[in-house]
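Colleague: Could you take me through this model? I would like to begin with what a contact is.

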Amino acid sequence: MNSFIETFAIRKLAHYKLFQLYVLIPICFLLVFSYISVNSYAQTTAFDDTLLSKLFDRVKGSVVQITVSNKDPLSSALGSGFVFDKSGHIITNDHVVRNRSYNDTDTNNTNNVTVTFLDEKSYKAKIIGSDPFSDLAVLQIENPKNESLKPLVLSNSSDVKIGEHVIAIGNPFGLSGSMTEGIISGLGRVIPSQNPGSPPGPELPPDQENALVPSASFSIPEIIQTDAAINPGNSGGPLLNLKGQMIGINSAIFSLTGEYSGVGFAIPASTIQRVVPILISEHSYKHPWIGISGIDINEQVASAMKLNTTKGFLVVDASPGGPASKAGIQSGDKLVDVDGRKTKLFGDVIIKIDNQSVSKIDDILVYLEQHKKAGQSVNLSVIRDGKPQTIKVVLAERPLLLNTKPLWLGIDGVDMSADIATKLNTNQSTGILVVGVISDGPADKAGMKGGYRITDINGTQIELGGDIITSADKVPIKNLKDLLTYITNNKKEGDKMSIGILRDGKPQEIEATLEAKPKDLRQ
């Protein structure tokens, strides 16, 4: 009996000890893991603080302030830039130096662009290349003497991830050597490039709507979005990863006040790597141009057009005389109310480019920029009237509009319509009816005739009897917008233009020499 009790006691004690091991061992592991985690977190936090300060010390000598001075105070500018190579090339935004680049007629005067390093050493610089469509410009430091230049290392933009920590260095509001931190909050954004013929702004807000972009407007694809604080003066400065590698150049902010609101945009390093070497060697960059504008297909547009897909790009307008128009791409021809907005629908819907799927306009922009050059061709797969087609388009060079003076034909006109055509007893329901010709203007000198007979059409008094413009240089003209777009994209002051007209029902060709519109003219 005693033996049995002792055996039972021993077994019970063994079970109790085993139970203690099962409980104590996990607790010990948990305590050790917690200690390691807390200690590691503390070390990581301390390491990150050290990393940022060390990172700034490592790259601060590669970031510069760009000062553009001009006789006109409104043309002066302040921005940032960075060292690209040891030859003294500095990269900044085109919009920082645009006034000097395009408006300064004294080409021998290069002393109004100054590059200043954080150690307060300043150098005169000249602009050797610029590209408004990617918002990039290249400066060359003059007489850098023995300056030890430290170029930034450009990273592979394709490796950038949303959530990745980044820092921005620049000169916001002229406060040199400022650093802010944040994360990558978005990739693959598209922002409009500034028209080089329009007044430059310190920062460029993105187009947040599916607006019908004018034919002379273009966009910059592959943009990086960040919440690192970017303000006026940061433009042209680098956006860096925590390795000190440059992933983009700060270019724009989205703000209603012109100051930081949590959304900034940077042009990716891949664009810099593609464009800057060409700017250095050739001083300009030729972008491929297809000549279309429109909207991305969505459920509302697909329903209105009875499409079987909600992906693709609807061509609303094809620039007259542009590559797409010449290839036969059809633009929208029926105004339909979509979400309370009148939109021209039933144009071609692009679903592929060279067999690459197209979900939105970004896909077309990125493909052209990365894989094509002016003069090369692309095959567009489109849906037209519910049926698939393939159309070959030969790309042209994107038109660069440097003439800030609007060109002038010297006419008053109205778009033709079925009602006007009926009154004129003609089958020509598209084009421009010339109702008036400005005395001594280009059209007057070319012999164009205006209206002389006032008629009421749908409650509007219109002068009939004038010429009907149907083409410009053999390119069909459907309305006033087509004519303006064609002239803007293809002509400069002093150019001649062959104008196809209908006069008394008979087709004719007249030639006009385009002029800059007189400043004191009121139309």
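Modeller: Contact means heavy atoms within 4.5 Å. Please keep in mind that this is a predicted model. With that term in hand, we can look at Ile 272. Leaving aside neighbours within four places in sequence, Ile 272 is in contact with Phe 82, Phe 84, Leu 136, Leu 154, Met 246, Ile 249, Ile 267 and Pro 277.

Colleague: Which residues have the most contacts inside the largest nonpolar core?

Modeller: They are Leu 136, Met 246, Ile 249 and Ile 272, in a core of 29 residues. The elements that each give two or more residues to this core are helices H1 (2-59) and H3 (269-282), together with strands E6 (136-141), E7 (165-170), E9 (219-226), E11 (246-253) and E12 (264-268).

Colleague: Which element gives the most to this core?

Modeller: H3 does, with five residues. Apart from this core lies another one, of 19 residues, which includes Leu 409, Ile 411, Ala 443 and Ile 510.

Colleague: Let us step back. How many helices and strands are there in the protein?

Modeller: The protein has nine helices and 32 strands. Of its 523 residues, 45% are buried. The accessible surface is about 27,100 Å², and carbon and sulfur atoms account for 53% of that surface.

Colleague: What share of the contacts with a separation of 6 or more is between residues 24 or more positions apart?

Modeller: That share is 62%. Ile 361 is found in helix H6 (residues 361-371).

Colleague: Now to helix H9. Which of its residues are buried?

Modeller: In H9, which spans residues 480-490, the buried residues are Asp 482, Leu 483, Thr 485, Tyr 486, Ile 487 and Asn 489. As background, an α-helix has 3.6 residues a turn, so residues three or four places apart point the same way.

Colleague: What covers the buried residues of H9?

Modeller: The cover includes several strands: E13 (288-289), E23 (407-408), E25 (432-437), E28 (468-472), E29 (475-476) and E30 (496-503).

Colleague: Which residue caps the N-terminal end of H9?

Modeller: Asn 479 does, with a side-chain oxygen 3.3 Å from the backbone nitrogen of Lys 481.

Colleague: Why does Asn 489 count as buried?

Modeller: Asn 489 counts as buried because its relative accessible area is 10%, and the cut-off for buried is under 20%. Asn 489 also lies 5.8 Å from Pro 399, C-alpha to C-alpha, although the two are 90 residues apart in sequence.

Colleague: And Thr 116, is that residue buried or exposed?

Modeller: Thr 116 counts as buried, because its relative accessibility is 19%. Thr 116 lies in strand E4 (residues 113-117). Its side chain is joined to that of Ser 122 by a polar contact of 2.9 Å. Setting aside residues up to four places away in sequence, Thr 116 touches Val 64, Gln 65, Lys 121 and Ser 122.

Colleague: A change of topic: how many cavities of 30 Å³ or more are there?

Modeller: The count comes to two cavities of that size. The largest cavity has a volume of about 60 Å³. Its lining consists of Phe 133, Ser 134, Ser 219, Ile 220, Pro 221, Thr 271, Arg 274, Val 275, His 287, Glu 369 and Arg 398. E9 and H3 are the elements that give two or more residues to this lining.

Colleague: Where is Asp 504 found?

Modeller: Asp 504 is in the loop between E30 and strand E31 (506-513). Asp 504 has a positive phi of about 55°, although it is not a glycine. With a relative accessibility of 71%, Asp 504 counts as exposed.

Definitions and conventions: Residues are numbered from 1 along each chain as its sequence is written. This is a predicted model: local features need pLDDT of at least 70, side-chain atom pairs count only at pLDDT 80 or more; totals for chains, interfaces and linings use all residues. Side-chain values use heavy atoms; hydrogens and water are left out. Helices (H or I, at least four residues) and strands (E, at least two) are DSSP runs, numbered from the N terminus. Buried means under 20% relative accessible area, exposed over 50%, partly exposed in between (1.4 Å probe, protein chains only). Accessible areas come from the Shrake-Rupley method with a 1.4 Å probe; for residues, only the protein chains shown count as cover. A nonpolar core is a set of buried Ala, Val, Leu, Ile, Met, Phe, Trp, Tyr and Cys residues joined through side-chain atoms within 4.5 Å. A polar contact is a pair of N or O atoms within 3.5 Å; within protein, one must be able to donate a hydrogen and the other to accept it, and residues adjacent in sequence count only if both atoms are side-chain atoms. On a 1 Å grid over the protein atoms alone, a cavity is a set of points where a 1.4 Å probe fits but cannot get out, and a pocket is an open set with protein on both sides within 12 Å along at least five of seven lines; lining residues have an atom within 4 Å of a point. Grid points are joined across faces, edges and corners, and a volume is the space filled by probe spheres set on the points.
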